[in-house]
Structure formats: structure tokens, C-alpha cells
Amino acid sequence: EGYVKDLASSYAWNISSSEFENMDKLGETVKEIHQLQINDNIQANGDHMYFNPIMVMRVDENPFQLEKREYPVDFGSPEEKIFVARITLPKDWTVEELPKPKALVLPGSVAKCLYTVTQNGNVLSVTSQLVINKALFTQDEYPGLRDFYGQVVAKQAELVVLKKN
């Protein structure tokens, strides 16, 4: 309960229900499922609204700013971050533009990012998956990793555009 209360207050969300899966299963992925209403994260301009469909776990900034790296990049362990959301749009708004689907994959599938936003009626389905399949990247692999993260940041920054009916 404390976790959900902190989550809601951190993002100014109205959470109506929460469910957690696999909390007592070691080795299983923990899942959080929340029903919520978000009133911030929207930019309005006349008869248009703009919002980023990735509310959490978005890569806002490339962590690899240096042009050249002297030491390996150590993630500590492989990791996978998946964001899945179903967003119900207000009935008096229609989608004018959605981010295009994208798959980014480094050679050997050592890192990948899959991103899709689809529409079914007034519901958007959003999936963003960022996978790092190895813990250590050498200095020679750094430019590719840096470019990969730059593309992830750009893709995850794309907005959904709605128009008032």
C-alpha cells in the first residue's frame, strides 16, 4: 500500500486499483498492473493535444555523452525493461498521429529496443521493450552503444497527437 501511495504521489496520478504478480516467486519477473488516470503529461494547443505514451521507464537522456570511451561500459548484468500500457482516449478526441513502430538491434542482438503504439477504437496499446543482453561492452563497442541509446531516446520522445472532434 505504501509503494502504491508513493507511486501515485510521485507522478500525481489517481490510481483506482493495483495488482502485483510473482512477488513471492524468486527467479520470476515481478509484474505491476495499475488502473490509473493521468491528468498531467498532456500539452494542449487549441484543438490539439500532445502526450508521450510512455509515462515511466522512458529513456529521457542518452547516458553515453562522451564521443570516445577509455574504459568498458559495465551494466553489472543483462537487463530487460518492458513498459506496456492501454490508454483510453476521451470520446471527443481522435488520433491524428501516432509514433511509427521501430525495432533497433545491435549486432549479435546484444541490445535491442522494440517500440509500438497501435490504436483500436479509442484505446491505444503501447509497448516498449529495452533489452541489454550482456553486462560488459568494450571500448570498441561503445560508439554503437552510444548511437543505439541516442536512437532509443529519440524514439521514446515521440508524441501522440490528438485532435478535438
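The model is predicted.

Four strands make it up, in the order 6-10-9-8, and their pairing is antiparallel. Strand 6 and strand 8 stand at the edges. Each has a single partner strand, so one side of each is left without a neighbour in the sheet. On average, neighbouring strands here are turned by 5° against each other, with direction ignored.

Now take the pairings one by one. The table sets them out.

| Pair | Sense | Bridges | Residues facing each other |
|---|---|---|---|
| Strand 6 and strand 10 | antiparallel | ten bridges | Ala85 and Val126 |
| Strand 9 and strand 10 | antiparallel | ten bridges | Cys113 and Leu130 |
| Strand 8 and strand 9 | antiparallel | four bridges | Leu104 and Cys113 |

Cys113 links two of these rows. In strand 9 it stands opposite Leu104, and its bridge partner in strand 10 is Leu130. Further bridges join strand 9 to strand 10. Thr116 has Thr127 as its partner in strand 10. Thr118 stands opposite Ser125, again in strand 10.

Strand 10 covers residues 123–132. How much of strand 10 is buried? Eight of its ten residues are buried, so the strand is mostly covered.

## The two hairpins

Strand 8 runs over residues 102–105, and strand 9 over residues 111–120. These two strands form a hairpin with five residues between them. In the turn, Gly108 has a positive phi of about 75°.

The next hairpin joins strand 9 and strand 10, with two residues between the strands.

Asn22 is one of them, with phi near 65°. Asn22 lies in the loop between strand 1 (13–21) and strand 2 (31–38). Ser109 is another, with phi near 55°. Its loop runs between strand 8 and strand 9.

Are these residues buried or exposed? Asn22 has 19% relative accessibility, and the cut-off for buried is under 20%, so Asn22 counts as buried. Ser109 has 37% relative accessibility, which means that it counts as partly exposed.

Lys155 belongs to helix 2. Is Lys155 buried or exposed? Its relative accessible area is 6%, so this lysine is buried. Leaving aside residues up to four places away in sequence, Lys155 touches Pro99, Lys100, Lys102 and Tyr115.

## The largest pocket

The largest pocket has a volume of about 1,400 Å³. Its lining is made of 35 residues. His34, Leu36, Phe83, Val84 and Ala85 lie nearest its centre.

Which elements give two or more residues to this lining? They are helix 1 (2–11), strand 2, strand 4 (48–51) and strand 6 (79–88). Strand 6 gives the most, with nine residues.

What classes of residue line the pocket? There are 22 nonpolar, seven polar and six charged residues.

Strand 6 therefore connects two parts of this report: it stands at an edge of the sheet, and it gives nine residues to the pocket lining.

Definitions and conventions: Residues are numbered from 1 along each chain as its sequence is written. This is a predicted model: local features need pLDDT of at least 70, side-chain atom pairs count only at pLDDT 80 or more; totals for chains, interfaces and linings use all residues. Side-chain values use heavy atoms; hydrogens and water are left out. Two strands pair if DSSP finds at least two bridges between them. Buried means under 20% relative accessible area, exposed over 50%, partly exposed in between (1.4 Å probe, protein chains only). On a 1 Å grid over the protein atoms alone, a cavity is a set of points where a 1.4 Å probe fits but cannot get out, and a pocket is an open set with protein on both sides within 12 Å along at least five of seven lines; lining residues have an atom within 4 Å of a point. Grid points are joined across faces, edges and corners, and a volume is the space filled by probe spheres set on the points. Ala, Val, Leu, Ile, Met, Phe, Trp, Tyr, Cys and Pro count as nonpolar, Asp, Glu, Lys and Arg as charged, and the others, Gly among them, as polar. Axes are lines fitted to C-alpha atoms, for helices over the stretch in contact, and angles run from 0 to 180 degrees between N-to-C directions. Contact means heavy atoms within 4.5 Å.
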